[in-house]
Amino acid sequence: MPTDTLAHTPLHDWHVAHGGRMVEFGGWSMPVQYTSVIDEHKTVRERVGLFDIGHMGRLDFDGPGALDWLERSTTNHVSKLAIGQIQYSLMVNESGGVLDDILVYRRGEGYLVVCNASNRAKVVAQFESLRGDFRANLIDRTLETAMIAIQGPRAVELVQRVLPEHASLSAIRYYHFEIAKSIGFDTVVSRTGYTGEDGFELIISGDRAVAVWEALLAEGVESGLRPCGLGARDTLRFEASMPLYGHEMDETVDPYSAGLGWAVKLNKGDFVGNEALRALKKAPRWKRIGLALEGKRIARQGAIVLAGEREIGRVTSGTFAPTLEASLAMALIEPSFAGDGTRLSVDVRGKVEPATVVPLPFYRRVEKG
Amino acid sequence: MKPTDLRFTRTHEWVYVDGDVATIGVSRFAVDQLTDLIVIDLPEVGRKLSEGKSFGEIESVKAVSDLYSPIDGEVIEVNRAVAADVQILAQDPYEKGWLIKAKIADPAQVEKMLDHDAYQKAIAEESH
């Protein structure tokens, strides 16, 4: 894709001016790294990292029919959400294949949906096709807002210092959010992330993005803060074994195969894909597993997983895990081979590498206190 | 080896010639572009090399890249230290981080390679 057709977040020029190596991701020009993926990864595990995630789609829903519209369009039970709570959910097609994985935020009035950058147009089109008689509006706020993630063991104290007027951010529970007023009107502060560490994600108006980003950087000096690119975001989410759309799932993979059946509530009432998912739940085609390779070579997406000579699945993501210092992969394989400790192998560019099935997640942070 | 004494390919390998023996490595620019090196796969002694053909691969967190032979020839020595620890290459691509030594089949192939100045121009263009 030619670079001049890519979308830019409000922080794009900052990234370019500060050594960000820009790449195309989901139709956006985004920094993959500033220094080294491994250094940025370790910064988040040990201290705190700052990410521009403005490429993520942000869709506001309002009107009396918003709840029913969301229930019809997604797999999780939206009406279970309390005000200020966030839910991981999926949108699937009629045959149960995943269209996108999303977060649904319940505001005081209305809802906010955060979706993947690469799927935003598809997600909006899916919602519009299901609008029917629901009395509600979908407003795409992606281009007028920015989104910044602050992740790592020192993230909470850092964000608290930048939002001094907002008392006790540490009281915001995981998968909950509050609205802060102190850094611009209606800043969404959510205890969410995609790294396996504690932290927040902020949604702010686009014209305040650079000021907030620089305030976090200045305040974060003593915390050892560094800006981090999408390369580290990917290795971090990979170690935490969080699925990534286009890797662990796509329109050909059902939620049960991807290990996301917990986000499907078959008995919540009618929703798109309900019938297909009811059947798939009994016999998912694949199971998502972890693989530990013996050598250092990386089994990347698409590599064939073998039991002896037989092809039993494919790698969905693989990397050299910086915290665990091992070549690891996630794969979708035939469920009968998925037991922990099963000895398999992976065809890594023509050379067969031994691998063992290991439990997911690969990495889980140790809770403090 | 001083970089100014080396010849380079557009695929970022370098060659140092001593008589009919070529020492082959990859450039500082390539190492800096790859970042986060994980592992390198080098050939065995005795392996025949063909100009422009892969003789190994180098893998970083983000990607795997082929190493392309600048010349025809035969491998006579492999840097075992780098094969065991690719960080040596990351730290010192022109001295301790050399990859293989090869008997040169056709000295004219080396003459066709870029000198240091021409290589600097090539990477300046690539960076833009």
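1. Phe8(B), Trp14(B), Tyr94(B) and Tyr119(B) make up one aromatic cluster. The model is predicted, so local features are taken only at pLDDT of at least 70 and side-chain atom pairs only at pLDDT 80 or more, while totals for chains, interfaces and linings use all residues. Residues are numbered from 1 along each chain as its sequence is written, chains are lettered from A and ligands numbered from 1 in the order in which they are written, and side-chain values use heavy atoms, with hydrogens and water left out.

2. Rings of Phe, Tyr and Trp (its six-membered ring) pair if their centres lie within 6.5 Å; planes under 30 degrees apart count as stacked, over 60 as edge-to-face and the rest as tilted. By this rule there are 12 aromatic pairs over all chains. One of them is edge-to-face, because the ring centres of Phe8(B) and Tyr94(B) are 6.5 Å apart and the planes stand at 90°. Phe8(B) belongs to strand β1 (residues 7-8) of chain B and Tyr94(B) to the loop between α3 (87-91) and β9 (100-104) of chain B, so the pair ties together parts 86 residues apart in sequence. Helices (H or I, at least four residues) and strands (E, at least two) are DSSP runs, numbered from the N terminus.

3. Are the two residues of this pair buried or exposed? Buried means under 20% relative accessible area, exposed over 50%, and partly exposed in between (1.4 Å probe, protein chains only). Phe8(B) counts as buried at 1% relative accessibility, and Tyr94(B) counts as buried at 15%.

4. Arg45(A) lies over the face of Tyr363(A), 3.8 Å from the ring centre. The charged end of Lys268(A) is over the ring of Phe271(A), at 5.0 Å from its centre.

5. Glu197(A) is in the loop between β11 and β12 of chain A. With a relative accessibility of 8%, Glu197(A) counts as buried. Contact means heavy atoms within 4.5 Å. Leaving aside neighbours within four places in sequence, the contacts of Glu197(A) include Arg45(A) and Tyr363(A), along with Val44(A), Gln151(A) and Arg365(A).

6. In chain A, 6 strands form an open sheet with mixed pairing, in the order β10-β11-β12-β9-β3-β13. Its edge strands are β10 (177-180) and β13 (226-227), each pairing on one side only. Two strands pair if DSSP finds at least two bridges between them. Strands β11 (residues 187-190) and β12 (residues 199-205) of chain A run antiparallel and are joined by 3 bridges. Val189(A) is opposite Leu202(A) in β12(A), and Val188(A) is opposite Ile203(A). β9(A) and β12(A) also pair in the antiparallel sense, over 7 bridges; Ala146(A) has Ile204(A) as its bridge partner in β12(A). Of the 7 residues of β12(A), 6 are buried, so this strand is largely enclosed by the rest of the structure.

7. Which residues of α6(A) are buried? They are Ala209(A), Val212(A), Trp213(A), Leu216(A) and Leu217(A). These residues cover an arc of only 135° around the axis, which puts them on the same side of α6(A). The arc is that of the directions from the helix axis to the C-beta atoms. Elements covering these buried residues include α1 (12-17), α5 (155-162) and β12 of chain A.

8. Helix α7 (residues 230-239) of chain A has 9 of its 10 residues buried, so it is largely enclosed by the rest of the structure. Among the buried residues are Leu230(A), Arg233(A), Phe238(A) and Glu239(A). After α7(A) comes Ser241(A), with a positive phi near 65°.

9. Another open sheet of chain A has 5 strands in the order β5-β6-β7-β4-β8, with antiparallel pairing. β5 (86-92) and β8 (137-140) are at the edges with a single partner strand each, so one side of each is left without a neighbour in the sheet. Strands β6 (residues 98-106) and β7 (residues 111-115) of chain A pair in the antiparallel sense over 4 bridges. Val104(A) stands opposite Val113(A) in β7(A).

Note on methods
Lys NZ or Arg CZ within 6 Å of the ring centre and 35° of its normal.
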